[in-house]
Amino acid sequence: MVLNFLSPSLSRLGLWASVVILMVIVLKLFSLLLRRQKLARAMDSFPGPPTHWLFGHALEIQKLGSLDKVVSWAQQFPHAHPLWFGQFVGFLNIYEPDYAKAVYSRGDPKAADVYDFFLQWIGKGLLVLDGPKWFQHRKLLTPGFHYDVLKPYVAIFAESTRMMLDKWEKKASENKSFDIFCDVGHMALDTLMKCTFGKGDSGLGHRDNSYYLAVSDLTLLMQQRIDSFQYHNDFIYWLTPHGRRFLRACKIAHDHTDEVIRQRKAALQDEKEQKKIQQRRHLDFLDILLGARDESGIKLSDADLRAEVDTFMFEGHDTTTSGISWFLYCMALYPEHQQLCREEVRGILGDKDCFQWDDLAKMTYLTMCIKECFRLYPPVPQVYRQLNKPVTFVDGRSLPAGSLISLHIYALHRNSTVWPDPEVFDPLRFSPENAAGRHPFAFMPFSAGPRNCIGQQFAMNEMKVVTALCLLRFEFSLDPSKMPIKVPQLILRSKNGIHLFLKPLASRSGK
């Protein structure tokens, strides 16, 4: 009797639920169509390559060789063209210095369509913040990258590099090429752990190693999510094994950061521990964050502390890995430049056992080679903004507020109207006399304008120390059977790794 009574009620409830779900889907589809119409209308004056009826340009972008495909589009459509990821997310893809200046000299926020995927892991740190809170955080964090803070890091860079080079010594003895990318990644993360959390010479403990594995996993999972349209919806993503793995890795990373912050705060309450911290040879990034105050005496909250630490770990790990790996590839590809760099750093090191802070400014040819490598192989090949006010470009064309912008750094750096013979590796492009008259937005490996990379000096110092020690210890050459295949992910990677032959050099330098 009760079942007979409930049966019609349950049926009606199921019907109503179906109607509500259908209405939500219809409303969502309607809002997406309106958004597409608005984005398409905004880009009416910008011709571009043909689009797929469903995927837009996504299929072309996901193919191997897509970076050079965009360069060919840039030659066909000067300044900019529309770039559609599916039918509902459309960016104006720009790759010309004056266009870059029109947008990146302002403080427009990051495009939520891309950067909201980062929030679950890194929270609202400098990468994704905008407005007054971004300005407050930027001001609080800037002292952490002052040269007085960066000076002692030279020894940390060298220490982590030597551990990697010792490992390479064993691999090189097998007389086979090997992929350097993973080892460089481990070294870069080891360095960051020491600079961020103050980990000592004894290496990383079990908990630290779990954190290292979680960070490595998160960067891979985030890229896979961006590449897979079916994972763009949060509700669907968190139900998948991929999404649950992402949440588990987030928990490990967050628990580690929270525990380190808790321990450091507790230590600061203890006078003896406080003296130990003050007597250390250097302050780490966390020390500086914990001591940061604005004009009103307000400090960062625990959530803000975690967000900035996680952001620094994310941004400083993979980008440096990419930069160092592609630089060593360039050195193997152009042995004449490799030898000139080696001779320079040998002369600078002289009879000393290790590089000092003042030595970095003397590495002029090495620096030019690093910059030329950044031009051809930018660690972050593409970045995105959402306009918070209209913009008018140098040729009179304009976009309204709300429009999405993609700055294609890879195409900008190979723009033949800016860079003569753009495919040629020529470090002298960055000599003082050649760089003097260049457009300030022609070379943007660290972005540009008010939202440029706050850690660029840290990154350049690390690049110099690591690459100098590598060149002193080994001669690098190509494996013609395993040439790298460029793939644009969150950073510029190689689909098959970067395989090089390493020949140990008979010298104490770099030991």
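This is a predicted model: local features need pLDDT of at least 70, side-chain atom pairs count only at pLDDT 80 or more; totals for chains, interfaces and linings use all residues.
Biologist: How many of the 18 residues of H22 are buried?

Modeller: Buried means under 20% relative accessible area, exposed means over 50%, and partly exposed lies in between (1.4 Å probe, protein chains only). By that rule 16 of the 18 residues of H22 are buried, so the helix is largely enclosed by the rest of the structure. Residues are numbered from 1 along each chain as its sequence is written, and side-chain values use heavy atoms, with hydrogens and water left out.

Biologist: What span does H22 reach from its first C-alpha to its last?

Modeller: The expected span of a helix is 1.5 Å times one less than its number of residues. H22, residues 456-473, reaches 26 Å, close to the 26 Å expected. The labels follow DSSP runs numbered from the N terminus, helices being H or I with at least four residues and strands being E with at least two.

Biologist: How many helices and strands does the protein chain have?

Modeller: The count is 22 helices and 11 strands. The C-alpha trace spans about 90 × 60 × 55 Å along its principal axes, and 51% of the residues count as buried.

Biologist: Which residues of E7 lie on one side and which on the other?

Modeller: Leu404, Ser406 and His408 are on one side, with Ile405 and Leu407 on the other, and both faces are covered. With 5 of its 5 residues buried, E7 is largely enclosed by the rest of the structure.

Biologist: In which sense does strand E4 pair with E7, parallel or antiparallel?

Modeller: Two strands pair if DSSP finds at least two bridges between them. E4 (residues 382-386) runs antiparallel to E7 over 5 bridges, and Gln382 has His408 as its partner in E7. Strand E4 is itself largely enclosed, because 4 of its 5 residues are buried.

Biologist: What is the order of the strands in the open sheet with E11?

Modeller: The order is E3-E11-E8, with antiparallel pairing. E3 (178-179) and E8 (474-478) are the edge strands, each pairing on one side only. E3 meets E11 (residues 499-504) through 2 bridges, and one partner pair is Asp179 with His499.

Biologist: How much space lies in the second largest pocket?

Modeller: Rolling a probe the size of a water molecule over the atoms shows where empty space is left. On a 1 Å grid over the protein atoms alone, a cavity is a set of points where a 1.4 Å probe fits but cannot get out, while a pocket is an open set with protein on both sides within 12 Å along at least five of seven lines; lining residues have an atom within 4 Å of a point. Points are joined across faces, edges and corners, and a volume is the space filled by probe spheres set on them. The second largest pocket holds about 390 Å³. It has 19 lining residues, and Phe181, Cys182, Leu220, Asp318 and Arg493 are the closest to its centre. H11 (206-227) is among the elements that supply at least two lining residues, and it gives the most, with 5. The lining divides into 5 nonpolar, 10 polar and 4 charged residues; here Ala, Val, Leu, Ile, Met, Phe, Trp, Tyr, Cys and Pro count as nonpolar, Asp, Glu, Lys and Arg as charged, and the others, Gly among them, as polar.

Biologist: Which residues line the largest cavity?

Modeller: Lys265, Leu289, Leu290, Lys299, Leu300 and Leu305 do.

Biologist: Is Asp421 buried or exposed?

Modeller: Asp421 is exposed, at 58% relative accessible area. Its phi is positive, about 45°, although it is not a glycine, and it sits in the loop between H20 (409-412) and H21 (432-435). His79 also has a positive phi, of about 80°, and is partly exposed at 27%.
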